[in-house]
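Here's a quick briefing to read alongside the model. Grab a viewer and follow along topic by topic.

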Amino acid sequence: MTKHSSRPRRLRFTVQGQVQGVGFRPFVFRLAKELGLSGFVRNETHGVLIEVQGKSSDLRSFSRRLETDAPPLAGLRALHCEDAPPRPEEAGFLILASRDGQRHAVLVSPDTGTCPECLAEILDPDNRRFSYPFTNCTACGPRYSIIRSVPYDRPATSMACFPLCPACRAEYENPRDRRFHAQPNACPECGPKLRLVHASGKNAPDAEQSGKDAGDPLETLAGLLLAGEIAAIKGLGGFHLACDAQNPTAVAELRRRKRRPHKPFAVMVPDLEEAERFADIGPAEKKLLLSPEKPIVICPLLPDGAGNASGLPSLVSPDTEGVGLMLPYTPLHFLLLRRFRELSLRDGKRARLPAVLVMTSGNAPGAPLCLGNREAASGLAGLADVFLFHNRDILVRVDDSVLKARPGATRAPVFFRRARGYAPRPLRFAPDGFSAPCVLGAGADLKNTICLTKGPDAFVSQHIGDLEHFAATAFHAEARDHLEALLRVKPELAVRDLHPDFQSSRAAEEFAAQRGLPLLSLQHHFAHAHAVLGEHGFSGKALVMAMDGHGYGPDGTSWGGEILYLDTGDFRPQAHRRLAHLAPMDLPGGDAAAREPWRIAHALLVRLGLPTGRYGAFTPPWLPERAKETRMLADMLARGLNCVSGTSCGRLFDAVSALLGLCLEATYEGQAATRLEEAQKQGETRKSGGTRTQADTAPYPCPFFPKPEDPRVMLVDSHALFRAVYEDLAASVPPSVVAARFHRGLAAGLAACAIRLAAASGVRHVGLSGGCFQNLSLSSEIRTLLEKAGLETLEHEFLPPGDGCISFGQAVYGAMTLSRAVPVIPIPDELPAAQGGSEEKKFFK
């Protein structure tokens with residue numbers, strides 16, 4: 001070997017992605033030491049900078065293992081390598097201090113559930129972190145909820161006010177320790193503390209946790225919960241309201257205080273074994289429950305006689321045979337559930353029951369999640385009997401994520417809510433090299449999120465919620481400003497919903513006016529379409545079924561049961577077309593019709609000329625109690641007073657649910673459809689446990705044909721479906737069978753229409769978006785039919801199909817508009833008036 005060839009070589013790596021706060025630098029340090037390389041690693045705003053020097057063979061090994069052996073929480077999005085000038089006198093490998101700057105390509109890590117190593121420490125009596133509820137390391141703990149700015153270093157988090165003790169400082173500065181630069185690192189001597197306070201403001205016994213030998217407020221709290229009290233518990237991204245799920249009186253009282261009579265509560269259990277005592281947990285559910293994200297997972301309840309030792313009171317989840325289930329994701333929750341189970345086992349009456357706590361979002365009705373101690377003491381006054389506070393500030397409110405496993409081992413779960421554990425992970429919507437200025441998507445008014453783009457990535461915020469409450473609109477602005485600061489971007493375009501009265505639309509208008517930005521308006525269902533296509537990075541022509549409760553149409557009517565055509569490479573008007581929709585329905589009373597689905601069912605009976613009173617053995621279930629109101633409705637319909645017209649798939653589900661007597665008045669959005677889906681499941685299964693034959697649940701006919709007034713658009717005859725439902729009920733067919741036939745008929749009609757339209761337009765891809773596709777019976781049936789016809793189905797995998805995806809669709813549309821230099825057309829001064837005013841936008845707020 002020549003002298004020249006033996007000279008060391010030096011490489012410079014720039015790593016972008018989720019690489020700060022996840023143990024990436026200590027991993028690089030250990031890898032370099034193992035391979036005998038010199039150099040350094042440093043956090044910078046554009047990512048992590050690494051320079052390594054040594055033999056070429058060792059450098060090749062380093063480069064390969066940098067990707068294959070990275071820490072579990074690390075997410076490498078880009079890895080750039082180049083030669084650098086060698087430093088012959090360099091010795092050793094160093095971790096240098098972070099460097100700030102204006103450029104920024106770092107991904108902030110979501111909050112992550114407690115790792116096994118930290119759990120082992122808090123259970124070890126000889127460990128200095130024994131029973132410490134704020135234990136964490138680089139593999140777990142708070143991230144997004146405690147960060148003010150980047151780079152992700154302790155002074156930029158809410159841990160800045162907790163100076164490290166000598167023992168924690170030694171861990172923090174030791175590159176070989178798993179707590180090296182773990183920014184939330186703490187122990188009982190130097191970290192956050194708990195405080196238990198009665199609603200009266202007085203400390204509870206053993207309320208203070210001031211050191212490792214102090215009292216145990218968690219054991220005190222567990223006893224109070226077991227005694228039937230309701231607690232407000234400060235956790236990772238906000239407060240929970242908690243009670244004993246096995247105490248029907250406590251659950252009923254929590255429902256009364258939250259004014260939430262029926263909407264399901266989520267529950268938390270100590271471990272998977274406890275959950276399996278009352279829930280049917282398959283491999284997909286188990287994988288989600290045990291994942292680092294630790295979401296709420298909707299699991300079927302075990303039926304009586306199938307190993308169900310106790311079950312749960314029906315008040316926990318009165319409308320479904322499933323339950324939203326989660327495992328502890330912080331040491332605080334883990335220790336509380338452990339104490340609660342220990343106390344339960346000492347009680348002879350409770351020993352046979354699973355230890356389960358209701359854990360529902362800690363907020364007053366309509367308001368966002370409480371995150372501060374003073375905010376909770378005020379906002380949850382009258383809701384909680386006792387408060388568990390701690391003194392680590394939550395800087396970003398982040399609710400629990402909610403998912404449900406889809407049928408099929410390889411299919412992604414469906415999101416109902418995307419927040420803790422997942423936000424603010426980016427979604428790649430365009431290929432590498434895509435360039436466009438930052439765009440803001442303002443979202444919808446229900447299940448709101450906001451979205452900012454940065455190059456080919458879109459950053460969707462955590463779930464914000466419904467925007468009727470003034471505090472929720474403030475949260476909307478708060479989330480937007482925080483995400484903008486973290487990403488270090490400045491939007492150059494804002495995109496809003498077409499509805500002129502949405503709070504999100506007004507917020508976008510104000511934001512654009514303050515910044516002097518152009519403003520685009522995108523119709524609600526086309527935003528759904530761009531969202532599902534954008535998730536798949538799809539470019540080209542596609543159809544999208546957009547099925548939900550309401551979206552303001554450009555014609556001034558309410559849309560919601562649409563088959564749309566898109567060409568994502570073409571922004572001319574003909575590239576965004578409505579090809580088909582469900583038959584229109586009258587929604588008498590507007591907002592009242594959404595709250596009282598029987599109104600929609602009665603209006604359909606009138607429209608279709610069906611008997612509105614007793615017919616054979618069948619009487620509409622809202623009679624005779626609402627006979628006087630039906631006469632008022634008849635007058636409203638005849639005169640066209642306060643009657644919104646719409647094509648909503650969600651309202652069709654409501655009408656059928658009401659006609660079956662399942663839900664005459666709804667207390668939360670989607671309740672009628674939820675009950676109808678549950679009835680459908682029963683209709684598919686015989687009481688003996690066997691599946692019914694296809695003949696038993698054959699689909700109702702649902703034809704489609706060109707609209708007489710516009711033959712370019714197909715009408716999917718949902719009226720025929722409703723008529724078939726009525727006729728079967730009049731023939732005394734069980735409601736569960738009717739529900740099953742309705743689901744199959746709607747799926748068959750929509751799929752057949754889409755197949756015909758795809759053939760006519762040369763399309764091979766069909767997207768499914770909208771809240772109705774959280775109904776897995778409907779989405780699975782449609783997907784099967786489309787794939788049998790040779791079409792590829794695109795479904796949401798990383799965002800909810802409901803309105804939580806709207807901001808993403810808006811932002812993708814805006815970014816694509818800017819990237820193609822398409823002129824931004826301003827919103828016209830005058831838009832068609834929303835029928836019935838703004839009542840449609842306020843469903844169930």
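## Starting point: Leu-483

Leu-483 sits in helix α11, which covers residues 470-487. Keep in mind that this is a predicted model.

**Around Leu-483**

- Is Leu-483 buried or exposed? Leu-483 has a relative accessibility of 1%, so it counts as buried, the cut-off being under 20%.
- If you skip the neighbours within four places in sequence, Leu-483 makes contact with Tyr-144, Pro-424, Ile-450, Leu-452, Phe-459 and Ser-461.
- Pro-88 is 395 residues away from Leu-483 along the chain, and 43 Å separates their C-alpha atoms.

**Cis peptide bonds**

- Most peptide bonds are trans, and most residues other than glycine have a negative phi.
- Pro-424, one of the contacts of Leu-483, is joined to Ala-423 by a cis peptide bond with omega at about 5 degrees.
- You'll find Pro-424 in the loop that runs between β16 (414-417) and β17 (426-428).
- Another cis bond links Leu-623 to Pro-624, with omega near 5 degrees.
- Pro-624 belongs to the loop between α15 (598-607) and α16 (627-639).

- Lys-294 isn't a glycine, yet its phi is positive, near 45 degrees.
- Look for Lys-294 in the loop between α8 (283-290) and β11 (296-300).
- The relative accessible area of Lys-294 is 10%, so this lysine is buried, given the cut-off of under 20%.
- Ser-732 also has a positive phi, about 65 degrees, without being a glycine.
- Buried or exposed for Ser-732? With a relative accessible area of 53%, Ser-732 is exposed, because that value is over 50%.

**Cavities**

- Rolling a probe the size of a water molecule over the atoms shows where empty space is left.
- How many cavities of 30 Å³ or more does the structure hold? There are 8 of them.
- The largest cavity comes in at about 110 Å³.
- Its lining takes in 17 residues, and the closest to the centre are Pro-142, Leu-236, Thr-330, Pro-331 and Arg-392.
- By class, the lining of the largest cavity has 7 nonpolar, 8 polar and 2 charged residues.
- The second largest cavity has about 70 Å³ of space.
- Among the 14 residues lining the second largest cavity, Gly-21, Val-22, Gly-23, Arg-25 and His-181 lie nearest its centre.
- The lining of the second largest cavity splits into 6 nonpolar, 7 polar and 1 charged residues.

**The chain as a whole**

- The protein chain has 22 helices and 31 strands.
- Its radius of gyration is 28 Å, close to the 28 Å the globule rule gives for 845 residues, so the chain is as compact as a globular protein of that length.
- Along the principal axes, the C-alpha atoms fill a box of roughly 95 × 70 × 55 Å.
- Of the 845 residues in the protein chain, 60% count as buried.
- Among contacts with a separation of 6 or more, 73% are between residues 24 or more positions apart.
- The protein chain exposes about 31,900 Å², with carbon and sulfur atoms supplying 52% of that area.

Technical notes:
Residues are numbered from 1 along each chain as its sequence is written. This is a predicted model: local features need pLDDT of at least 70, side-chain atom pairs count only at pLDDT 80 or more; totals for chains, interfaces and linings use all residues. Side-chain values use heavy atoms; hydrogens and water are left out. On a 1 Å grid over the protein atoms alone, a cavity is a set of points where a 1.4 Å probe fits but cannot get out, and a pocket is an open set with protein on both sides within 12 Å along at least five of seven lines; lining residues have an atom within 4 Å of a point. Grid points are joined across faces, edges and corners, and a volume is the space filled by probe spheres set on the points. Ala, Val, Leu, Ile, Met, Phe, Trp, Tyr, Cys and Pro count as nonpolar, Asp, Glu, Lys and Arg as charged, and the others, Gly among them, as polar. Helices (H or I, at least four residues) and strands (E, at least two) are DSSP runs, numbered from the N terminus. The radius of gyration is taken over C-alpha atoms; the globule rule is 2.2 Å times the number of residues to the power 0.38. Buried means under 20% relative accessible area, exposed over 50%, partly exposed in between (1.4 Å probe, protein chains only). Contact means heavy atoms within 4.5 Å. Accessible areas come from the Shrake-Rupley method with a 1.4 Å probe; for residues, only the protein chains shown count as cover.
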